[in-house]
2 protein chains.
Amino acid sequence: MMKDEVVTTMSNRYQAEVGKSRPTMRHVAALAGVGIKTVSRVMNNEPGVSEATRLRVVGASQQLNYQLDMAAGSLRRSGRQTLSVGLLLPSVSNPFSSEIHRAMEDALSVRGIAVFAASLDDDPEREKALVAAFLGRRVDGLVLTPIARSQAYVIPEHSRDLPTVFIDREPVGVEADAVVTDNAAGAAKAAAHLISRGHRKLAYLGDRTDIQTARERRRGFLESLAAAGIATSAVPIREGLHDEESARQATRGLLGSDDPPTAIFSSQNLVTFGAMRGLKELNANKRIALVGFDDFALADMMDPGITVVAQHPERIGKLAAERILARIDGDQSAPQTYVVPSELIVRGSGELAPPGLPAPHL
Amino acid sequence: MMKDEVVTTMSNRYQAEVGKSRPTMRHVAALAGVGIKTVSRVMNNEPGVSEATRLRVVGASQQLNYQLDMAAGSLRRSGRQTLSVGLLLPSVSNPFSSEIHRAMEDALSVRGIAVFAASLDDDPEREKALVAAFLGRRVDGLVLTPIARSQAYVIPEHSRDLPTVFIDREPVGVEADAVVTDNAAGAAKAAAHLISRGHRKLAYLGDRTDIQTARERRRGFLESLAAAGIATSAVPIREGLHDEESARQATRGLLGSDDPPTAIFSSQNLVTFGAMRGLKELNANKRIALVGFDDFALADMMDPGITVVAQHPERIGKLAAERILARIDGDQSAPQTYVVPSELIVRGSGELAPPGLPAPHL
DNA sequence: ATGATGGCTGACAACGTTGTCATGACTACA
DNA sequence: TGTAGTCATGACAACGTTGTCAGCCATCAT
């Protein structure tokens, strides 16, 4: 009958190329002796295909190792989804970032959404270029750690209803969801903790001031001192520290000064590492109190253990993923900033007493 | 004149939708008063467009915030590239993996290639599913950390000339490029180092034996002992350790045994952490020598510093990226395995002498 | 027997882009 | 003045898929 004839002819024409170019629905349809639309229905689990036909199509597709082309599909149902989102991080190899990445992946993969991740390296130019690259790939959503002074450049996309969530830092110049740590409150918590242990001479080691979170942490730190009646004008502030080495030197500088602090607050991971090194080199690690912002692996194995204000990257990532999904699903509510509370983790370094005070008992 | 008329008419038809659906080349063409193919030429920097026209098109595209749709483009020039690769890692939040990820991103981004990264969690089912997801997105290449017993399932794709590179572990059942650490040699180096310090009673703490690298490391370790004339049958081997806690307990078990070792080799990051904890709890960290496989942050800040056999994830990532690029560019040479040498980093814990021997001087 | 119903199925257009090719305008040179 | 050559440009088809719609067949109530 007709059908068989078609199958034979077509299979000759198409099947010859097996193993060479990638098979398309046409190949599968030809091999199964059905129309291409029927293949589409089967591949997308649409109803309205008889079981017998379905089996034939499934068999043919397996035989050819056929794989649906998502790009072609999402082109046709235009305006529809590519099941991918773009994720912009300071660096994919930064532990804090990669925890966020992981949490997002977990939340998104259950919906079959893949993640494009890219590293910014604190370069505002890269920020724009990478966003453009994501847009060119027609991602369904954008999750960004902003660096540039303003994120107004995403406005056209955002107003086109491209779901956008900012993480870690709040955006400037756009109205969009954001998921952030309570930076100021966390830093304030650290300061209050040190003050409660009797410290009056605190120092601040901070990151580059063009980073919003760094400014927030400084603000929280200083406000906490002021609230305790400590003159903030005399507090040594060392900023612009962006790596271990500069933080190490700043720490040594602080301790070598006329009126050295008895406690240090370091506002970021690498800065904390540098401070730890500086203190250890001067044999001051068991004498000068230290509280760092950001938790890190093995902090409890240090001597003493390092007291930190921990962020919760996994919660930030999960929340960001939930927001993106909600927006993708059509949530039109007003943009909102979600704050993930930080947490003080006591391990020893932050409980060292200032000289002249008795050792604390926990 | 004619052209102006066209501009006006078309712009009414298309420009009305600005801010709503995404503009296409047709919109830009209409606004610029040119044909759509001319827009294509301008957007792709193809020659053969007069400067005046080019400027008009560029202006129109900026006004509309037009973004080339890569998916549509790569659909048309079928068989051509999507400028994306899939990267399968144990977990994107694992430091070793994320270093690889970062190195690959750096090498690939200069070519405009974006990276889909996904986490396997040691689940062979996920491995297949994620590869399928990448294929559905028509990635130009695949970089995989295999887990499943066999990777034969990628054969159809690989034989279709889809560039594939395996990292960290060599593939089974496929002929493809691989980039790996010299696991056995590295472990042998660690053992030899401990032996050279006078140790004869060594113990091995290893990961799950279904992981190829774990088996390689054990092999290298044991061969090194045998070469030194140490009876390997009596060496305590604790395997199947996949997290800190199990490694900690195994360490405590070893030290509590009748004939405790004087030195420990831990074959992986988390296992090293567990061993460190176990030793510290028993106050043995300055007595029992320890060499770990895999370097980690702050290893030098431990007491004593932790001697490790460091892998070089950045080199692995870079090399893998280079191989993928070469294959994408048409390299048809026979698949090859590239070995990235590991490196012993001496920090103290591996130089602790066994009891009865004088303290070493470095 | 008749018409209506409903289940399967495939032809066709369209998604946004680019390769191919034809066209028309202009230049250069005989 | 004619002819070949160059250059800029756009019409058109096609990439692989899916939404729409129409057609076919069997079933069922009248």
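The model discussed here is predicted.

In chain A, helix H3 spans residues 36-43, and its buried residues are A:Thr38, A:Val39, A:Ser40 and A:Val42. Just after H3(A), the backbone at A:Asn45 adopts a positive phi of about 55°.

## Symmetry of the two copies

Chain A is superposed on chain B by a rotation of 180° with a shift of 0.1 Å along the axis, and the RMSD is 0.1 Å. The two copies are thus related as by a two-fold rotation axis. Among the residues of chain A, A:Phe116 comes closest to this axis, its C-alpha lying at 2.4 Å.

## Extent and make-up of the interface

The size of an interface is often expressed as the accessible area lost when the parts come together. For chain A and chain B, the buried area is about 4900 Å², with 50% of it on carbon and sulfur atoms. Three residues, A:Arg138, A:Arg160 and A:Met301, supply 15% of the area that chain A buries against chain B, more than any other three residues. The contact takes 54 residues from chain A and 54 residues from chain B.

Polar interactions also cross the interface: 28 residue pairs are in polar contact, both residues of each pair being at pLDDT 80 or more. On the side of chain A that touches chain B, at least two residues each come from helix H5 (70-76), helix H6 (95-109), strand E2 (114-119), helix H7 (124-136), helix H8 (155-159) and helix H12 (269-281). The largest share, 6 residues, comes from E2(A). By class, the residues of this side of chain A divide into 25 nonpolar, 14 polar and 15 charged.

## Salt bridges between the chains

Side chains of opposite charge can pair when their charged atoms come close. Across the interface of chain A and chain B there are 8 salt bridges, while the count over all chains comes to 48.

One of the pairs is formed by A:Arg277 and B:Asp300, whose side chains meet with an N to O distance of 2.4 Å. A:Arg277 lies in helix H12 of chain A, and B:Asp300 lies in the loop between strand E9 (289-293) and strand E10 (307-310) of chain B, so the pair joins two chains. The two partners fall into separate accessibility classes: A:Arg277 is buried, with a relative accessible area of 17%, whereas B:Asp300 is partly exposed at 36%.

## Salt bridges within a chain

In chain B, the side chains of B:Lys318 and B:Glu322 form a salt bridge at 3.5 Å, N to O. The two residues are 4 apart in helix H13 (residues 313-328) of chain B, and are therefore separated by about one helical turn. B:Lys318 is partly exposed, with a relative accessible area of 48%, and B:Glu322 is also partly exposed, at 38%. In chain A, salt bridges that share partners join A:Asp177, A:Arg323, A:Arg327 and A:Asp331 into one network.

A further pair in chain B consists of B:Asp210 and B:Arg208, with an N to O distance of 3.0 Å. Both partners are partly exposed: the relative accessible area is 35% for B:Asp210 and 25% for B:Arg208.

B:Asp168 is located in the loop between strand E4 (164-167) and strand E5 (177-181) of chain B. Its relative accessibility is 8%, and B:Asp168 therefore counts as buried.

The side chain of B:Asp168 makes a polar contact of 3.4 Å with the side chain of B:Arg169. Leaving aside residues up to four places away in sequence, B:Asp168 touches B:Phe96, B:Thr145, B:Val179, B:Val180, B:Asn183, B:Thr213 and B:Gln311.

Note on methods. Residues are numbered from 1 along each chain as its sequence is written. Chains are lettered from A and ligands numbered from 1 in the order in which they are written. This is a predicted model: local features need pLDDT of at least 70, side-chain atom pairs count only at pLDDT 80 or more; totals for chains, interfaces and linings use all residues. Side-chain values use heavy atoms; hydrogens and water are left out. Contact means heavy atoms within 4.5 Å. Buried area is the accessible area (1.4 Å probe) that two parts lose on being put together, summed over both. A salt bridge is a side-chain nitrogen of Lys or Arg within 4 Å of a carboxyl oxygen of Asp or Glu. A polar contact is a pair of N or O atoms within 3.5 Å; within protein, one must be able to donate a hydrogen and the other to accept it, and residues adjacent in sequence count only if both atoms are side-chain atoms. Ala, Val, Leu, Ile, Met, Phe, Trp, Tyr, Cys and Pro count as nonpolar, Asp, Glu, Lys and Arg as charged, and the others, Gly among them, as polar. Copies are superposed by least squares on the C-alpha atoms of residues with pLDDT of at least 70 in both. Buried means under 20% relative accessible area, exposed over 50%, partly exposed in between (1.4 Å probe, protein chains only).
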